[in-house]
Amino acid sequence: MSAPEERELLLVGVGFMGRPYAAAAKRLGLRVRAIEAHDWAGAIEHLVDAVEPSQGRYGALDELWAETVHAAVEKSRPTGVFGFTESHVLGAAMAQDRFGLPGPSLQAAVISRNKALQRGRFRVHGIGQPEYRLTDDLAATAEWAAARLPVIVKPLSSAGSDGVELVADAEAFERAAVRRAAERPLLVEEAVDGPEYSWEALVRDGEVWFANLTAKETTGPPHFVEVTHRTVPPLPEPDAQRVAALGREVLAAIGMRTGIVHLEFRLTRSGPAVMEVAVRTPGDYLMELCSLTYGIDWFEMVVRLTTGMELPPAPEGPVRYAASHFVISDPGQVVAVDGLEEVLAHPAVEDAAFKVAVGDVVPRTSSSLQRTGYAVLAADSPEEREEAIAFVRRTLSVKTVPVASKE
């Protein structure tokens, strides 16, 4: 009798935040082959069974990632293919589509990589969202924007608030049009008011297996960099029902089949307004927060979905209340980093670290990549969680001094 064929997961991108996928796949008895950028390949080879280096870069060059994925699946057909983050989604979806493997669908992957495609699709499906204009000449939209100020200007494909800015008045819009004249195309959107949330869903064959709601705090205008996330926020039942309906409508509109979905929206007085949707791993430790909150490993659930494995019973509700908090520092040179040992010793803190060291120069924060520290925490009640967040905020500190300008 021949030995059973080994089941393999092809991970497109691992980096640092995607390592729990490799660990989960190993626990499930899968062979793990990874496609990784050349600069990262050596750092992850001990975590997987094989590494295929790619010329692709994180956040860019989808085409090079897709080229490496295609070569890898032609050489050895995996049981499942999973694209870790933005630039990996299309290559993974093309392979899933070609070989009939579980995945979000090629259509959903393409739409998730292009905010203008999302806006057009949501408009047709009557899904709440801001008014918008797609333009290859920002200055040409000045009249439209003037009637709706303030407005948001953003690129079509980005993550972590990169390139997103609020333009408050006509003079600021004129300056933005000059500063961003070489960027094209761009979206110009009405700035809508209301608290910000994200909806994380595990989906199989178009149906939600389980979903989580996360409340977020940001730096506010002009760049709205995310500072704090809280799972299971209190929400009146009518709003909770609207959010659940919104999630189903978005899944149908983008043609979502199987995998992880991350939907961002504001809850306005007239109902939810979608900011964007992605069919990839959410950032800011949201997978860890969901795992802590519901007592299941969300990374493992995604691996199970990707490889067609059976899922356990869905959680009945939260077992803890989790949060992630990020340090935003004044621009300048770092002269001190304080409080990490105290934060790590706190009973609610699961993980914490600084992203900078003494001597580093910190720019003015305009994207999530420029945050200087973080903490992940979980508590037995919302009240204990708030106490822990407050402790982290006053304890985890990065001190900077202005850098003298060069004459």
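Q: Leaving aside its neighbours within four places in sequence, with which residues is serine 112 in contact?
A: In this predicted model, serine 112 has its place in helix α5, which covers residues 106-112. Serine 112 counts as buried because its relative accessibility is 7%, under the 20% cut-off for that class. Once its neighbours within four places in sequence are left aside, the residues in contact with serine 112 are Glu86, Val89, Gln118, Val277, Ala278 and Val279.

Q: At roughly what angle do the axes of helix α3 and helix α4 cross?
A: Residues of α3, among them Trp65, Val69 and Val73, meet residues of α4 that include Leu90, Met94 and Phe99. By class, this contact has nine nonpolar, four polar and four charged residues. The crossing of α3 and α4 is right-handed, and the axes of α3 (residues 62-75) and α4 (residues 86-99) come within 8 Å and cross at roughly 35 degrees.

Q: Is glutamate 52, which forms a salt bridge with lysine 75, buried or exposed?
A: The closest N and O atoms of lysine 75 and glutamate 52 are 2.9 Å apart, and the pair links helix α3 with strand β3, parts of the chain that are 23 residues apart. Lysine 75 is exposed, because its relative accessible area is 59%, over the 50% cut-off. Glutamate 52 has a relative accessibility of 17%, which is under 20%, and therefore counts as buried.

Q: How many residues apart in sequence are the parts that arginine 230 and glutamate 217 tie together?
A: The side chains of arginine 230 and glutamate 217 meet in a salt bridge with an N to O distance of 2.7 Å. Arginine 230, at 13% relative accessibility, counts as buried, whereas glutamate 217 is partly exposed, with a relative accessible area of 30%. Arginine 230 lies in strand β11 and glutamate 217 in strand β10, so the parts that the pair ties together are separated in sequence by 13 residues.

Technical notes. Residues are numbered from 1 along each chain as its sequence is written. This is a predicted model: local features need pLDDT of at least 70, side-chain atom pairs count only at pLDDT 80 or more; totals for chains, interfaces and linings use all residues. Side-chain values use heavy atoms; hydrogens and water are left out. Axes are lines fitted to C-alpha atoms, for helices over the stretch in contact, and angles run from 0 to 180 degrees between N-to-C directions. Helices (H or I, at least four residues) and strands (E, at least two) are DSSP runs, numbered from the N terminus. A crossing is left-handed if the near helix is turned anticlockwise from the far one by less than a right angle, and right-handed if clockwise. Contact means heavy atoms within 4.5 Å. Ala, Val, Leu, Ile, Met, Phe, Trp, Tyr, Cys and Pro count as nonpolar, Asp, Glu, Lys and Arg as charged, and the others, Gly among them, as polar. Buried means under 20% relative accessible area, exposed over 50%, partly exposed in between (1.4 Å probe, protein chains only). A salt bridge is a side-chain nitrogen of Lys or Arg within 4 Å of a carboxyl oxygen of Asp or Glu.
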